[in-house]
Amino acid sequence: MAITTYTAGEILTAASLNNNFASGGLQFISATTIGTTVASVTVSAAFSTTYDNYKIVVSGGTNSTDNVVLALQLGATVTGYYATYTGVTYSTAAALLAADNNAANFARPGNAKTNGLFLNIDLISPFLAKNTFFNAGATVSNTSTRLCAGYLDNTTSYTAFTLTPAFGTMTGGTVRVYGYTNS
Amino acid sequence: MTYAEAVAMYPPESVHTQIGDLVRVMTPAEYEAFIQRQVDYVPE
């Protein structure tokens, strides 16, 4: 739906305003507060027929061990994840390469540190009966920064996802889910 | 980290699973998987 623009003095109807709200780019879906000493957090009812594409942002909180990767799993699927992570190590400027090759999850799209949890990931078509693609932009750790992207090689329709640090437990922080408006 | 070290660091009652807003203690199978993940962990 196109956004309606208004002129001075025009009456703003509820229908028109609601249409504009629904026409915005990112629509907030949910916020989940992570509990205490949690090894994994599952967000249910995250994906639906309302949106094709989603953004997940995790911030705040802490991990019991510093500087570990934060993995993302869709539904109950534990196979078929493919991704590459290309980065540079700060201290040596050396290339840093990693891959998920038919892995049990997307292993490294986020970072879990003692001073916070960090994830900013776009998921393309997790609810649709198509492959799910992701692009997490960059993951930043104490030692390196990486760019990453990948896909889940099946056509399963997902409604939920789970976040798991590679080591330790999480306390606090918020998992926010947004939908990209279909328009 | 050895299995015993992982159990000592994370006793069963100290580790939780969260689904939505529900936080609960892990089932034995979930706990075993968690401990094994700690044992297998290789820092990157």
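A:Asp52 sits in the loop between β2 and β3 (53-59) of chain A, where strands are DSSP runs of E of at least two residues, numbered from the N terminus. This is a predicted model, in which local features need pLDDT of at least 70, side-chain atom pairs count only at pLDDT 80 or more, and totals for chains, interfaces and linings use all residues. Residues are numbered from 1 along each chain as its sequence is written, while chains are lettered from A and ligands numbered from 1 in the order in which they are written.

Now to the meeting of the chains. Chain A and chain B each bring 14 residues to the contact. On the side of chain A, the largest share is the 5 residues of strand β2 (residues 38-43). That side divides by class as follows, with Gly counted as polar:

| Class | Side of chain A that touches chain B |
|---|---|
| nonpolar (Ala, Val, Leu, Ile, Met, Phe, Trp, Tyr, Cys, Pro) | 7 residues |
| polar (the others) | 7 residues |
| charged (Asp, Glu, Lys, Arg) | no residues |

β2(A) runs parallel to strand β1 (residues 16-19) of chain B, joined by 4 bridges. One bridge partner pair is A:Val41 and B:Gln18.

As for confidence, the model has ipTM 0.95 and pTM 0.92. Chain B averages a pLDDT (the predictor's confidence in each residue, from 0 to 100) of 95, and 100% of its residues score at least 70.

Methods:
Two residues are in contact if their C-beta atoms, placed from the backbone, lie within 7 Å. Two strands pair if DSSP finds at least two bridges between them.
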